[in-house]
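Welcome! Take a look at it below, and then read on.

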Amino acid sequence: SISLGMVLGVMVGALPLPSGGNLGVAGGTLLVALFLGSMGRTGSILWTLPREANLALRHLGLPLFWASVGLRAGGEFRAALGGSGWKLLLAGAVMTLSSALPLLGMLRYRMGQGLAVTLGTVAGAHTQPACLALAESRVKPGSTSEVGVHYAAVFPVAMIGKIVWGTLLLS
């Protein structure tokens with residue numbers, strides 16, 4: 001079911017959007033996974049993962065992702081910081097903080113949400129699996145599933161929003 005879902009996701013991601021471009025591999029796979037996951041089962045095909053398999057894939061996938069990013073960008077990182085690269089790094093930090101801090105403040109202090117809900121929502125809004133891992137390590141044992149639930153509730157909307165917004169900006 002995982003392989004079939006991924007193949008369907010790649011196919012959906014290749015379909016052209018009305019605004020031009022497409023959702024790509026990540027966006028298409030995410031949409032298909034959300035749809036199939038909501039169905040739960042189609043005949044003999046089970047579209048959900050057991051909790052243990054889900055955790056195993058997350059704990060294996062995240063380090064593999066970060067290793068590939070680091071290996072691909074590591075050699076050029078120092079050169080990228082030269083010239084105006086440090087200004088772009090600083091601008092990225094300012095943009096991230098300007099969206100994360102108001103969301104943290106609103107959820108935690110204005111709406112009175114707990115730490116697990118707040119951290120999961122902010123990590124999902126930024127579509128950051130590394131932030132999810134950090135958030136899960138910062139909450140009480142037993143609250144990690146609450147972090148993941150709120151991350152998963154916000155992540156798809158934020159990810160698809162970024163893909164569509166990026167496509168619109170490029171067109």
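The chain contains 7 helices and 2 strands. Starting at the N terminus, these elements follow the order α-α-β-β-α-α-α-α-α. Please keep in mind as you read that this is a predicted model.

**The chain as a whole**

- The C-alpha trace extends over about 55 × 40 × 30 Å along its principal axes.
- Of the 171 residues in the chain, 23% are buried.
- Among contacts with a separation of 6 or more, 52% are between residues 24 or more positions apart.

**Two packed helices, α4 and α5**

- A pair of packed helices is described by the angle between their axes and by the distance between those axes.
- Here, helix α4 (residues 85-110) packs against α5 at an angle of about 150°, and the two axes are 10 Å apart.
- Angles over 145 degrees count as roughly antiparallel, so α4 and α5 are roughly antiparallel to each other.
- Their crossing is right-handed.
- On the α4 side, the contact involves Ala100, Leu103, Leu104, Leu107 and Arg108.
- On the α5 side, these residues meet Leu115, Thr118, Leu119, Thr121, Val122 and Ala125.

- To find Thr127, look in the loop that links α5 (115-125) with α6 (129-138).
- The phi angle of Thr127 is near 50°, which is a positive value in a residue other than glycine.
- Is Thr127 buried or exposed? Its relative accessible area is 10%, and buried means under 20%, so Thr127 is buried.

- Ala33 sits in helix α2 (residues 24-39).
- Ala33 has a relative accessibility of 45%, so this residue counts as partly exposed.
- What separates the C-alpha atoms of Ala33 and Gly5? They are 6.4 Å from each other, while the two residues are 28 residues apart along the chain.

How values were computed:
Residues are numbered from 1 along each chain as its sequence is written. This is a predicted model: local features need pLDDT of at least 70, side-chain atom pairs count only at pLDDT 80 or more; totals for chains, interfaces and linings use all residues. Side-chain values use heavy atoms; hydrogens and water are left out. Helices (H or I, at least four residues) and strands (E, at least two) are DSSP runs, numbered from the N terminus. Buried means under 20% relative accessible area, exposed over 50%, partly exposed in between (1.4 Å probe, protein chains only). Axes are lines fitted to C-alpha atoms, for helices over the stretch in contact, and angles run from 0 to 180 degrees between N-to-C directions. Angles under 35 degrees count as roughly parallel, over 145 as roughly antiparallel, 65 to 115 as roughly perpendicular and the rest as oblique. A crossing is left-handed if the near helix is turned anticlockwise from the far one by less than a right angle, and right-handed if clockwise. Contact means heavy atoms within 4.5 Å.
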